[in-house]
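Trainee: Could you walk me through this fold once it is on screen?
Mentor: Gladly, let us look at it together.

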Amino acid sequence: MKKTSGLLKQLTVLFTAFIVVFGLQSCNEKPSEKEQSVPEFNLATAKAEIEEANKNFMSLIAAGDSIGIANLYTEDAKLMFAGRPADVGRANIQTTFSRILSSGVTKVNLETKEVFGTEDLLAEEGEVTVFVGENAVAVEKYIILWKKEDGKWKLFRDIANSNSSAK
């Protein structure tokens, strides 16, 4: 009986040691590959993505593609240009850009001045020059809020106003 009780004590001590070692080991385990693969937000990379999206926007203006332009905006986007109510949603934004293009606008030059924000929402501050033919007809400043939709940065809020004084 004494031998059985000694053996039981030894097994209990071994089992307890095993639990302690296993518990400590699990505390020191490295995250799985899936957890490690989440890229850290990089503002410089995000700015480059915004500048690339702006190049696409400028190309679509030059091509006269109001549908393509509207698709650069989020589903719930707002376009807030001076002298008119806000356009809400892609369909209304597409209509506005169709009118802008029909008015003779042939090109815009977007110049990003600053981008700041987080992986959820970016703000871009910049300047836009609007052309009819080769003539610059307006220079405006803008603020655009960008939001990720389907893994891409899209325009969420777009507001611009003229650098010229009111007449």
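**Helices on the sheet**

Mentor: Helix α3 (residues 43-63) lies across β1, β3, β4 (121-132), β5 (135-149) and β6, and runs at about 170° to β3, where axes are lines fitted to C-alpha atoms, for helices over the stretch in contact, with angles from 0 to 180 degrees between N-to-C directions. This is a predicted model, in which local features need pLDDT of at least 70 and side-chain atom pairs count only at pLDDT 80 or more, while totals for chains, interfaces and linings use all residues. Residues are numbered from 1 along each chain as its sequence is written, and side-chain values use heavy atoms, leaving out hydrogens and water.

Trainee: And which strands does helix α5 touch?
Mentor: Helix α5 (residues 90-102) packs on the sheet and touches β1, β2, β3, β5 and β6, contact meaning heavy atoms within 4.5 Å.

Trainee: In what order do the strands of the sheet come?
Mentor: The order is β2-β1-β6-β5-β4-β3, an open sheet of 6 strands with mixed pairing; two strands pair if DSSP finds at least two bridges between them, and helices (H or I, at least four residues) and strands (E, at least two) are DSSP runs numbered from the N terminus.

Trainee: Which are the edge strands?
Mentor: They are β2 (87-88) and β3 (105-117), each pairing on one side only.

Trainee: In what sense do β1 and β6 pair?
Mentor: Strands β1 (residues 73-81) and β6 (residues 152-162) pair in the parallel sense over 5 bridges, and lysine 78 has arginine 157 in β6 as its bridge partner.

Trainee: Switching topic, how much of the chain is buried?
Mentor: Of its 167 residues, 28% count as buried, meaning under 20% relative accessible area (1.4 Å probe, protein chains only).

Conventions:
Buried < 20%, exposed > 50% of the residue type's maximum accessible area, 1.4 Å probe, protein only.
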